[in-house]
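Below is a short report on strand pairing and charged contacts. The model comes first.

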Protein chains: 2
Amino acid sequence: NILPRFYTHLYASDHLIVRRGQEFQLKVTFDRPYKPSDDQFAVEFVIGGSPQYSKGTYIPVSVAKDRQSPWAGRVVDSTDNVVTVGITPAPDCIVGKWRTYVAVVTPYGIRRTRRDESRDLYVLFNAWATGDSVFLDDADEREECVLNEVGVIYHGAYDDMSERPWNFGQFDYGVLDACLFIMDKAAMPITNRGDAIKVARKASAMLNSHDDDGVLVGNWSGDYTYGVAPTSWTGSTEILLNYSSSKTPVCYAQCWVYAAVFNTFLRCLGIPARVVTNFFSAHDNDGNLKTDVILDENGRIDKHRTKDSIWNYHCWNECYMSRPDLPQGFGGWQAVDATPQETSDGMYRCGPASVQAIKHGQICFPFDAPFLFAEVNSDVVFYSRNPRDGTLDPVKVNSSHVGRMVVTKVPGQDARRDITDQYKFPEGSPEERTVLEKAEEYGCHREKATPPEADVELDMPLMEVRVGDDFELKLEFNNTSDQARTVDVYVSGNVVYYTGVTSSEFLFKTPRVILDPKKGRRTKHILSNLCVRSQDYMRKLVEQANLHFIATGKVKETGQIITSMRVVTLHTPKLSVEVSGLAKVSEEMMVTVEFTNPFKFNLEDVYVRVEGPGVMPPKYKHYSLITAGSSLTWTEGVTPRRAGPTKLMASLDCAALRQVYGQAQLTVKP
Amino acid sequence: NILPRFYTHLYASDHLIVRRGQEFQLKVTFDRPYKPSDDQFAVEFVIGGSPQYSKGTYIPVSVAKDRQSPWAGRVVDSTDNVVTVGITPAPDCIVGKWRTYVAVVTPYGIRRTRRDESRDLYVLFNAWATGDSVFLDDADEREECVLNEVGVIYHGAYDDMSERPWNFGQFDYGVLDACLFIMDKAAMPITNRGDAIKVARKASAMLNSHDDDGVLVGNWSGDYTYGVAPTSWTGSTEILLNYSSSKTPVCYAQCWVYAAVFNTFLRCLGIPARVVTNFFSAHDNDGNLKTDVILDENGRIDKHRTKDSIWNYHCWNECYMSRPDLPQGFGGWQAVDATPQETSDGMYRCGPASVQAIKHGQICFPFDAPFLFAEVNSDVVFYSRNPRDGTLDPVKVNSSHVGRMVVTKVPGQDARRDITDQYKFPEGSPEERTVLEKAEEYGCHREKATPPEADVELDMPLMEVRVGDDFELKLEFNNTSDQARTVDVYVSGNVVYYTGVTSSEFLFKTPRVILDPKKGRRTKHILSNLCVRSQDYMRKLVEQANLHFIATGKVKETGQIITSMRVVTLHTPKLSVEVSGLAKVSEEMMVTVEFTNPFKFNLEDVYVRVEGPGVMPPKYKHYSLITAGSSLTWTEGVTPRRAGPTKLMASLDCAALRQVYGQAQLTVKP
C-alpha cells in the first residue's frame, strides 16, 4: 500500500492514502479464479452518513467496458483468484476518508463485502494532477508547500528580522484524522469537501475558537498560566492531537500559531500552502485605508485618543488553487487568515482572497479582499487635535510604513524570499496610484488631505540589541532648509505587544534640538544621548521582546510636524540543540538541549520543548528555577522513524524571557 | 420636534428622530443674549463608548464661518437668548442614537452641558437624500418601502396564490430601540453602522438565532407547544419587543416571519425594503443548479434516496442601496435572506446580493450570489437508478419548475406585482442561456445530459380546494405520437411542509393508462377517477395546508419517463374582523373578530391574535375548544392613536387548522 508516486508514503498511517486524479491499484481476491465474462463486480467507495450517487458520496466503480463510472476503473492484472484493479478518483472528488466495498452480482442479487475499517481509504487533494483545482505547476514550490514538514516563520522587524523553525508535522500519526475532524466539528457538508475554496474558507473560521469552538484560543494578555504560551510551541502536532482528542479549543495562540497550524491543515489535505509574514500590518480599520495617530497641539502623541494599532508583523497563509468562482486571472495564491481580529466586523474568518486581486485593487471579489488590501496598503495619518473644539487636522501622511515587506520561506532552502511585489506595485509607481484609486472606487476610504512636507526629517536608525543590553537610541535629523530650525521633540519608548498595543512606557524624554541651516550637502544632525538601560525595560517585557520608540515633534519656525517610529527587536540568547550518535532509522541516538541563563536575574517557571519530524514527537520539561548564570542540560534518547534530512527544534519559554529557540539539522540514514 | 418633512413623525417616540443628509434645527438657549462676535459655541454629537473625531463618532458642529465641520452648521435665527441652529448630518454618517451636548468656550476653558437623555437624537438612513447610499428616486416605491407599516405576504402556489396581511410596525413604541439593540447584541462596531451594506448583512445573520442568539428561532417541526406557531403571528412588533426585553431568541419562525421582521428592521432604520416570495425555491444545493429526484427502475420516486427539496415558496427580502464595493451597475435592489437554511454550508446569513447581478449570472460578486442564483434557477433532474450497480442516469430535466414566479406587493396598493423579470430573463430566451453559461463559468454545476423528450406529456391541472373538501385529482396526458402508448403511473399524494419535506403519504395509486394515438389535434387524455377524501388528509395536515401530488411513470413502448408535480393549496375559512363606532384619534371604538368552525370536528387549543398599526397593539386570546359548527366572537375596545388609513389584522391558529387570517381596513379621522 505504499505508493511513493502519490507522495503520501510519508504519512504515519496504516491506511491507503492516495491523491485524486491519479490512478491507484487495489487487489480483489475472489474465492475462485476470476472469469471476466461471467463475474460482474464493482468496487464501491462511500463517504459520509447518507451516501448518494448524485451527490458524489457513493461511487460504484465498474471494470466492465460498457459502464462509465465517475471514477475510471480497469483491470490491470488478473492471476487466478486475484484481480488487480486500477482506479482513478475524479480530480474534483470529495477529499476525506472513504469506505471501500466490493459488490458482486450473483444469481441471488448483489452481494457486498462487509465494512472493514482497515480498507478505509484517504483521498487527498493533488497538486500534481492537472485536473485538480489545486494543481501547482512549479515542482519546487509544490514540493515545499505540500511535502515539507519543517518551516521557518519570520517575525521581529523588517530591517532586523528574526526567524524561528516550526514543525508542521502534517505526516505525523493522527494529524490527518485531526484535520478531517476539524471539518466534522464544523459540520461542513461532505459534498463541499472536494472544493478547495470552501475547505480553506471553512478552516479559516475553524482554526480559531471564536463562534464555533475551533482549534485555538487566542491570548494576547501576557498571562498564559492556564495554557501553553504562544511563544512556547515548537510545532502543530501537539496542538492538533490535543484538539482532536479533547474536542475543545487549545490554549493559547497568537498569529503565527494560527498560521502555522492552518498551514499544517492545508498541507496535510494536499492543498499547497505557505506561511507569510507582513511587517507593519494595519489592523482594526475594517477595510479603511487609514490608521490614525492623534497628536496634541504640541505634537505629542495622545495615547488616549489613538485607538488604531499597527502590528509589528502579522502572519497569515497563502494557499494555491484555481478560482472558478471569479473571473479569469485570479487563481493562484490566495490569502487566508485564521487569526481572529477582535475588533473588526465579526472577522473571525478571512479569505481566500486572490493575491493577484489584492495587488490590482480588484477588491470587489470574495472573500474579504478589502480587509487584506488594507493590511498591506493603509496610510498612517497623523492628526493634530485642536484643543478648542476637538476637531482634527491631518498634519502628516505616511504612506510607506504599512505593509513594509511581505516575506515567506524559499522553496527547498532555509532562506527567506521577499514577496512584497506579489501584493503591491513599487512604492511611488504609477501602477501603485492606479491601484489605490481602484480600491477607493470600491469603497475604501483614504485621507485626502496632503499636508505640506516638512523641511526637517526625522529618523531613528536601526540598532541591533540583545535582551538585557543597555543601549543608546539615536535620533537623526535632516534639515533641508537654509535656515536654522528648532524642534521640540517627544521621544517615547514603550514595551508593546506585537499587536502594537502599548503595555507600558519606560522612557519619555523631551529634548529641544537646534538644527543648523543646510550647509552644502551637510544636513544631518544626530542626537545620541538618549540612554536606554536594561533595568528600565527588562521587568516590563510582555509576550515578545520588542521595544517600540516613537518620536514626534513640532518645528518651531514652521509649525510643521515630524515623526519617526522604530521597532527594536531584542535578540534573545540561543538554545543549543545537539545530536550525538548515529542518526539511523530504528536506532537510538541522543538529543541534548542546553541553555545558560546569561542574565543577572533568575528565570522562573521555565518550559523547554523539543520535537523533530520523523525523529521525536513533541516533548517538554518544566524547570521551576534557572538561577542567574546557571545552565540546564536535557538529554533524551530518541529513535528515528524515517530516513532523510530533518530538523530538531526546541524552544525555551518563561514569563521573563520568551522567544528563545534552537535547532539542529540532521540526516537520518536508512 | 415633530418634523414631518423627515417622514419621521410616525415614530412613537419622545425623541427627535431625523434622517441624515437633511437639515434639522435645534434651539440653544443661553442665560443671556447671544452675541455672535463674542460667544463661541459648538453643538456636539457623540455616539458609542469611545467617541473619536477621526472615527466619525464625535462630531463637533461649529457655526463659526471659518470652521468646517463634518456636519454642516449654521445659525438660522437668533432672538435674545435663543439661537436656532440648523444642522445637516453627513449623508454617510453613523445611524443610531446620538447624545447631544453644547460646548461653550469661556475664559476658564470649554464648558459642556451635562448629559440629558431627553436630548438624545436618532439619526436614520435617508432614502430621500441623493447623497445617501439608500437614496431611492421613485417616490411611490420609497414611500411604500420605508413608510408603509402594513404589508402583504404571498404564499401558497404560483397559480393559486394565497396572501396574508402583516403589521411591520416599524413606528411602534420601542421598535426603533429594539432594532438598534439587535446591532448592539451583535456587537456590531459603531463605525460600521452608517454602511447600509454592512447593516443589512449583519442583520441577515442576527434575525435568526443560529450562531449569535439572534431574534427568531426557526421551527419546521409542526410542534410549536413552547412558543407561538409561525402561522399565528400577525406582525413584527410583539416579536421585536419581546426580543429586546428578554434578550433571548423568540419562538418560532418560518421563512415569512424572518422576512417580515427583517423588513421591519430595515424600514425602521430607513433602508427601503420589501418582502418577496419565490415560488418553487430550490434549497440545500449550495450553489449547484440541480435538484435531484431519484426514481427506481419502474419510474417510481425513491423517497429514501431523494434528499433535495424544493420549497413550495420561500420568502426573502430586497433592500435598496448603492453598491460602492462592486463595479458599476450592481446597485439598486439587493436580495438578503435571514432564514437559516439548515443543511447549506453555514449559511446562517445570506446577502446582500445584487438582484441585477443574479439576473445576469454575475455571481462572482459578494455576498452569496451563487446561493440566491440557484434558488431561482436550478433544474429539477430526475434520475433513474440502475438496480444492478446503483448508478443513476438522468432521464428528465425540468428547467422551468424552480423559480416559477417571484412576486411582491405593488407600492401604494394591496395588489401583487410579478417581478420574476428582475431575477431572470424569459424562459427559453437566448439571454437566459447566456446567463446560465456565465453562472457555470463561475462554478455552478448543471446536469449536462439532455435526455430525449418523451412523446407523452403529463400534467396535473390546477384545482381550487378548500380545507375539508373531498375532490378529484385529474391527470392530463398528451400523446403526441402516432402510436398508442401504455403508461404505468405512480401517483403519490403527500402532506408536506412548505419546505417540500414530506410529512406523510395519504394517497398512493398505480393506474395503468392506455393512450390512443394522436388523432389530428386531439391528443389529450384525462384520467379523473382519483378521488381524494378529506378524512384521508385532514388528520395529517402539518404547519400549512398544502397537499403535494407527484405523478411519475414510464412509457412502456419507449421506456421514457414522464413526471408532473402539483401543489394544492387548501383554502382556509376566513376570519371576520369588523369595526364599529367612529374611527377617530383618541376616541374609543370597537373591534370584533368572529369565526365559525365549519368542520365536523372540534378545534382545540386555539389562539386568536389581532393588531392594527396606530389603532391597537398586538393582543391575543386563547380558546381551549371551538366545537364543530360553533362560533367565537371577540370584541375589544380600542382607542386610535393616529389619523390616516390603516388596517386591523387577525389570525386564528391551532394544530388542526393553520393560516386563517382576516383583516379590516379603516381610516382614522383626526
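**Salt bridges in chain B**

B:Asp414 is partly exposed, at 39% relative accessibility (buried is under 20% relative accessible area, exposed over 50%, partly exposed in between; 1.4 Å probe, protein chains only). Its partner in a salt bridge is B:Lys647, at 2.5 Å from N to O (a side-chain nitrogen of Lys or Arg within 4 Å of a carboxyl oxygen of Asp or Glu). B:Asp414 sits in the loop between β21 (405-409) and β22 (416-418) of chain B and B:Lys647 in strand β37 (residues 644-654) of chain B, so the pair ties together parts 233 residues apart in sequence. B:Lys647 is buried, with a relative accessible area of 3%.

B:Asp653 and B:Arg658 also meet in a salt bridge, 2.5 Å from N to O. Both B:Asp653 and B:Arg658 are buried.

**Basis of the model**

The model is predicted: local features need pLDDT of at least 70, side-chain atom pairs count only at pLDDT 80 or more, and totals for chains, interfaces and linings use all residues. Residues are numbered from 1 along each chain as its sequence is written, chains are lettered from A and ligands numbered from 1 in the order in which they are written, and side-chain values use heavy atoms, with hydrogens and water left out.

**Salt bridges in chain A**

A:Arg193 forms a salt bridge with A:Asp184, with the closest N and O atoms 2.8 Å apart. A:Arg193 is buried at 7% relative accessibility. A:Asp184 is partly exposed, with a relative accessible area of 44%.

The whole structure holds 61 salt bridges over all chains.

Notes
Helices (H or I, at least four residues) and strands (E, at least two) are DSSP runs, numbered from the N terminus.
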